[in-house]
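Have the viewer open as you read.

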Number of protein chains: 2
Amino acid sequence: MDSVVLLSGGTGGAKLARGLADVCDDLTVVANTADDVDVYGVHVSPDPDLVTYWLADAIDERGWGLEGDTWQVMEALAAAGQQHWFRLGDRDLAMCLIRTERLRAGESLTQAHAAVVDAMDVEARVLPMSDHPVETWVGARGRTVPFQEFMIAQGGEGPVDAVELRGLERAAPSDAVLQAIALADAIVIGPSNPVISIGPILALPGLSESLRAGPAPVVAVSPFVGGRALKGPTEPFCEQAGIELSAAGIARAYRDVIDGIVADEPSGAAAELVTDTLMHTPDDRARLAREVLDFAASVGATR
Amino acid sequence: MDSVVLLSGGTGGAKLARGLADVCDDLTVVANTADDVDVYGVHVSPDPDLVTYWLADAIDERGWGLEGDTWQVMEALAAAGQQHWFRLGDRDLAMCLIRTERLRAGESLTQAHAAVVDAMDVEARVLPMSDHPVETWVGARGRTVPFQEFMIAQGGEGPVDAVELRGLERAAPSDAVLQAIALADAIVIGPSNPVISIGPILALPGLSESLRAGPAPVVAVSPFVGGRALKGPTEPFCEQAGIELSAAGIARAYRDVIDGIVADEPSGAAAELVTDTLMHTPDDRARLAREVLDFAASVGATR
């Protein structure tokens, strides 16, 4: 499989990205930026960074940030009595500075994140979904707050009453994203949160149309294992959005854009691959990536 | 002496600020911002920071930055192959983040630096000279470059052919600066570089007029000791500006705004105090500060 495009949020999608990097020649990850946040004066792109750190084999075992990172700047902010609820290790912060300096110089988010990818010596492309700001706001317990505040200050605890994607109507996929989709041999929707990670990507004006218009088969990997989300606040968001925590639920959620689904249980979809979707080890990730691409090829052949 | 205003650049002025904090009730330092620089996406104010770190008893013995600081972020930038010619320790960077976050939120530089002063637990006010950007550019060896580039990339080596203060005509002293000057009992021009540290402050439209219009005596402390500048690139700048490296040279350079001068040698000025101006120890700094204020009071009485 020559050119693969993966739509991804954080952990699940990022792990699959790492597997795909082992088994395909040309990987482009389109990462959600609706969780981006400006904090301490720097621009943080949590999902593009998580994908990049996974691809660089540099992710910390805690699941975010860089392995072996230090915390001098956060400790200095804490000692100075400043808010420091958004934890950034020193090396993680250095990557944000690389991005921020370029943004301040007038470069696009796509260009600025490419500098981070380059700094981390990653060969794959990691494209922010858009150069325009889109912000996920979450309504819960009577308040509507930015996503990071919901996650960190409120612990990501549901129930979730509402999700707003602010700025979406003025946003567009970047040219780099549309070009990668048009030239792809396969499109994979990663096992990320369908509401707040994949949702913003698919909701970008023109993005879903570009998936349907392109020649490549589109397959999704379910984020659910045994009917549960593995990580993060996926469940309360799916409950609010009316997405059942099952392969069938995911197949329905993506029905307008996918040609097939990969999950650990039958989905009822016409084209499906039932396989072990856990990705604990490098071998797991490469095996799943290979199976997903083989499945996409088979779906593409009958499309 | 109740209210003292000190005009200051980096080291010399900052040391006198520390002495003045010991001997006066209400100290306001007006610090040069024409050396400010945006680097790594953050706003660095070298002179206001140096003054603040001296006032906090936190200056590193190397003469800049914070004592005992670490270098994790710079090392990460270096490891990532990024430019890192402007060295910022991790805690120093944290102070810049505090400032930058506020600037991005729309606060003035005055407000943003006040947060740094507060974070460092400093009681005195440290006011950026202006909320408008003014940039010192230096012409040397056929090129005109920003001051920090001249200092760091070119080692601050003269001869200097030209100094430009870009943005000056559109800048103004901040309201806080003008108010402090109007309410001061004494104004002290610190022993800083008269061309690139004190020069930009005095050149702000309306600043010199406010010194002359106010009730307070204005006295300058010469930056020269034994006819030499103690530190930094003062000498080539004075040579380019035609300022003799002596008390008399300083008295002439400031003749339009000062009522008296403090130096280690006679200056020929009508009102002068000849004393030891070295400030190696806390006692030196407090003693000189006391003498300067007593001298200012005597000059004020006969004004």
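## Where the chains meet

Between chain A and chain B the count of salt bridges is zero, a salt bridge being a side-chain nitrogen of Lys or Arg within 4 Å of a carboxyl oxygen of Asp or Glu. Before going further, a note on the ground rules: this is a predicted model, where local features need pLDDT of at least 70 and side-chain atom pairs count only at pLDDT 80 or more, while totals for chains, interfaces and linings use all residues. Residues are numbered from 1 along each chain as its sequence is written, chains are lettered from A and ligands numbered from 1 in the order in which they are written, and side-chain values use heavy atoms, with hydrogens and water left out.

Polar contacts do turn up at this interface: the rule finds six residue pairs across it, both residues at pLDDT 80 or more. A polar contact here is a pair of N or O atoms within 3.5 Å; within protein, one must be able to donate a hydrogen and the other to accept it, and residues adjacent in sequence count only if both atoms are side-chain atoms.

Which helices of chain A each supply at least two residues of the side that touches chain B? They are H3 (72–79) and H4 (90–104), with helices (H or I, at least four residues) and strands (E, at least two) taken as DSSP runs numbered from the N terminus. H4(A) gives the most to that side, with eleven residues. Sorted by class, the side of chain A that touches chain B has 13 nonpolar, six polar and five charged residues. For that sorting, Ala, Val, Leu, Ile, Met, Phe, Trp, Tyr, Cys and Pro count as nonpolar, Asp, Glu, Lys and Arg as charged, and the others, Gly among them, as polar.

In terms of contact (heavy atoms within 4.5 Å), 24 residues of chain A meet 24 residues of chain B. Together the two chains bury about 2,000 Å², and 66% of that is on carbon and sulfur atoms. Buried area is the accessible area (1.4 Å probe) that two parts lose on being put together, summed over both. A:Gln82, A:Leu97 and A:Glu101 supply 24% of what chain A buries against chain B, more than any other three residues.

## Chain A as a whole

Chain A has twelve helices and 14 strands. Its C-alpha trace spans about 60 × 40 × 40 Å along the principal axes. The radius of gyration is 18 Å, which agrees with the value near 19 Å that a compact globule of 303 residues would have; the radius is taken over C-alpha atoms, and the globule rule is 2.2 Å times the number of residues to the power 0.38.

Of the 303 residues, 59% count as buried. The cut-offs are under 20% relative accessible area for buried, over 50% for exposed, and partly exposed in between (1.4 Å probe, protein chains only). Looking at contacts in chain A with a separation of 6 or more, 65% come from residues 24 or more positions apart.

## Two residues and their partners

A:Arg125 sits in strand S5 (residues 125–128) of chain A and is partly exposed, at 38% relative accessible area. Its side chain makes a polar contact with that of A:Asp26 (3.0 Å). Not counting residues up to four places away in sequence, A:Arg125 touches A:Asp26, A:Leu27, A:Thr28 and A:Val29.

Over in chain B, B:Thr275 is in the loop between strand S14 (272–274) and helix H12 (282–301). Is B:Thr275 buried or exposed? It counts as buried, because its relative accessible area is 15%. The B:Thr275 side chain makes a polar contact with the side chain of B:Glu291 (2.5 Å). Beyond four places in sequence, its contacts include B:Val262, B:Ala263 and B:Arg287.

Most residues other than glycine have a negative phi, and most peptide bonds are trans. The peptide bond from A:Gly158 to A:Pro159 is cis, with omega near 0 degrees, and the bond from B:Gly158 to B:Pro159 is cis too. A:Pro159 lies in the loop between helix H6 (147–153) and strand S8 (162–166) of chain A.

| Residue | Phi | Relative accessible area |
|---|---|---|
| A:Asp57 | about 55 degrees | 51%, exposed |
| B:Tyr40 | near 55 degrees | 1%, buried |

A:Asp57 is in the loop between helix H2 (46–55) and H3 of chain A, and B:Tyr40 is in the loop between strands S3 (37–39) and S4 (42–44) of chain B.
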